[in-house]
Amino acid sequence: MQKAVTTRWWLVRHAPVTNPERLIYGRSDMPVNLSDEKALQALARQLPREAIWVTSHLSRTLDTALKLLELMDENILPTRETGFAEQHFGTWEKKHWNDLPKGETTRFWTDFARQNPPNGESFGDVVERVGPLFDRLTRYWAGKDIVAVIHGGTVRAALASALGLPLEAALSFHVDTLGLTRIEHIAGVDQPGWRVTGVNLRY
């Protein structure tokens, strides 16, 4: 009899960014605020030992991951995956919403699951980018715990891809900074697939 293989993903949104001007910063590299030691320690206590760690290529995810690993006293260097980056807002990056052309933003908000900013990505584009990478790493690290310190949009995209959700349904998930989402892939059974064990958990 074939044995079931469970791959567990621990999806963590990075710590808050330092953004006093409230700029749009999707793909832009912004400094992270790691001052909430209590929240970081509480999260670190929930994460598995001897796991695989991945982040996006942006410093706010890597810095958050390194701080969590320090609190866990684990000497691991996360793998950085560009495909796990946040949604790219194109020419809107590092600008204020109020300073953008009204026509452009109106079109975007009428269907922000599918509309893309100028030279940027829609949420649908993010799902198409994240999904294949998520599936590939699930196969490669089958049976492991995988901690992914990523972005709010990336977490929603992973849920959309894994569960086959409509884009609008995936966007309805609220993902806090330092929130933890847990999903598992079960293979080696008659009906392999995904199950959700927690979304946006805070400790």
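View 1. K67 is buried, with a relative accessible area of 15% (buried means under 20%, exposed over 50%, partly exposed in between, with a 1.4 Å probe and protein chains only). E70, at 55%, is exposed. The two form a salt bridge, with their closest N and O atoms 3.8 Å apart (a side-chain nitrogen of Lys or Arg within 4 Å of a carboxyl oxygen of Asp or Glu). Both lie in helix α2, 3 residues apart, about one turn of the helix (helices are DSSP runs of H or I of at least four residues, strands runs of E of at least two, numbered from the N terminus). The model is predicted: local features need pLDDT of at least 70, and side-chain atom pairs count only at pLDDT 80 or more, while totals for chains, interfaces and linings use all residues. Residues are numbered from 1 along each chain as its sequence is written, and side-chain values use heavy atoms, leaving out hydrogens and water.

**View 2. The salt bridge of R49 and E74.** The side chains of R49 and E74 meet at 3.7 Å, N to O. This pair links distant parts of the chain, 25 residues apart: R49 is in the loop between α1 (37-46) and β2 (52-55), and E74 is in the loop between α2 (59-72) and β3 (79-80). R49 is exposed at 51% relative accessibility, whereas E74 is buried at 16%.

**View 3. R114 and D111.** A salt bridge joins R114 to D111, with the closest N and O atoms 3.4 Å apart. R114 is partly exposed at 44% relative accessibility, and D111 is partly exposed at 25%.

**View 4. A network of salt bridges.** R27, E121 and R129 are linked in this network. By the rule used here, the count comes to 10 salt bridges.
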